[in-house]
Amino acid sequence: MNDDFKKVFGSEAESTFFSPGRVNLIGEHIDYNGGKVLPAAITLGIYALINPNESRTIRLYSANKPNQGVIEIDLDEKIVFDVKHSWANYPKGVMFFLQEEGYQLFGADIYYQGNLPDGAGLSSSAAIEVLTTFMLLSVKGIEPDKVWLSKFCQKVENKFIGVSCGIMDQFAVALGKKQNAILLDCQTLAYDYAKMDKVLLNHDWVIMNSMKKRELAESKYNERRAECDMALEDLRTKYTLANLCEAKVEQVNELIFDSIIKKRALHAITENKRVYNAMQALKDGKIKLFGELLNASHYSLQNDYEVTGFELDALVSAAQNESSCVGARMTGAGFGGCAIALVEKDKLQSFTENVAKKYTQETKLIPEFYICSIGEGVHKL
Ligand code: GLA
């Protein structure tokens, strides 16, 4: 990568940083409902090489989007979102908010290269935000607090990019730890690491890419959030609740009459319980139970939250039908993208072959599989 940096910018890079993508093991669409989630950073991610250039311009280049060439950002002009800048809007958002918070930025050349599949829901956007923030501060000798870092990057995504995501993705890529998932309470941001060693003794996580690009994901995502807000409003006419996940099923049955809103609320409440039960199962080494909870999570996302779609359902059901698969579910926002499966280590090949065959028969799409290791959060190399 160093040679490529030189080809683009004509100088050597001073340092290299890495930020992972993430999968969410369980606890889907509840980060913005105050629930608990269980994501993990993965070893796929984005690298960035940086060299200060003693000017007032930051020059950005992505090896994954070579046609866009070098994008120049003048630090003395107001930084604004620009559709033409596509991927570069993420680093631009970071620069905008760092300056807003009073950090003095300096000119630099930055080269990005990632191995996260595009539009697959493995959080490439959180990865580039966290990577850029961490790198720009580290080069100035500042080691940012990782919880601050994730909140800061969520703000970039919400306010500069305009996607009302929760905190989970940024948190996972900032605070990831090798072989551990993160149990995060999204109401308080209290977190704990959950060792995956018992699960990973005889099993591997397989990321299954449906190759169906996420469509309408942002508008549907915002629609679900609004539906959850309506559910909470109905419940609060009688009960004092900090968030939707805190409600009880009986309260939903008592106070929510719209069938769609009711289903959304039931998903949030039951999914939060599943996270709790999954943590118990992990502690007790009950892998089979853990797998059943993954399956139940997908079922709820398919029927009550309605964010899966034909392709993800076909992929997950093909995986669940394999006897080597303990459990499978969609991961991330849904509406296309990736699913995960927990599969016996010595049956990986037959698993991927059988699932691919069945999935392609049904959808005419050729899925991709990544055998996933759980890695560290953002760091300098
Ligand atoms: C996206 C969002 C997250 C979370 C998931 C669904 O990845 O960025 O905040 O809401 O969807 O669990």
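Helices here are DSSP runs of H or I with at least four residues, strands are runs of E with at least two, and both are numbered from the N terminus. The views below come from a predicted model, in which local features need pLDDT of at least 70, side-chain atom pairs count only at pLDDT 80 or more, and totals for chains, interfaces and linings use all residues. Residues are numbered from 1 along each chain as its sequence is written, and side-chain values use heavy atoms, with hydrogens and water left out.

**View A. Asn272 in helix H9.** Helix H9 spans residues 259–283 and includes Asn272. With 19% relative accessibility, Asn272 counts as buried (buried is under 20% relative accessible area, exposed is over 50% and partly exposed is in between, using a 1.4 Å probe and protein chains only). Beyond residues up to four places away in sequence, Asn272 touches Ile30, Gly35, Lys36 and Cys245; contact means heavy atoms within 4.5 Å.

View B. Look for a polar side-chain atom of Tyr221 at 2.6 Å from a ligand oxygen atom. A backbone N or O atom of His29 lies 2.7 Å from an oxygen atom of the ligand, and a polar side-chain atom of Arg22 lies 3.0 Å from a ligand oxygen atom. Such polar pairs are N or O atoms within 3.5 Å. On its own the ligand has 310 Å² of accessible area, and the protein covers 93% of it (Shrake-Rupley method, 1.4 Å probe).

**View C. Gly337 in a loop between two strands.** Gly337 sits between strand S10 (325–330) and strand S11 (338–344). Its relative accessible area is 0%, so Gly337 is buried. Leaving aside neighbours within four places in sequence, the contacts of Gly337 are Gly119, Ala120, Met208, Asn209, Ser210, Lys212, Arg214 and Leu312. Thr308 is 29 residues from Gly337 in sequence, and their C-alpha atoms are 9.4 Å apart.

**View D. Positive phi at Met211 and at Glu306.** Most residues other than glycine have a negative phi. Met211, though not a glycine, has a positive phi of about 60°; its loop runs between strand S9 (203–209) and helix H7 (217–236). Glu306, also not a glycine, has a positive phi of about 50° and lies in the loop between helix H10 (287–303) and helix H11 (310–320). Met211 is partly exposed at 36% relative accessibility, and Glu306 is partly exposed at 33%.

Note on methods
A polar contact is a pair of N or O atoms within 3.5 Å; within protein, one must be able to donate a hydrogen and the other to accept it, and residues adjacent in sequence count only if both atoms are side-chain atoms.
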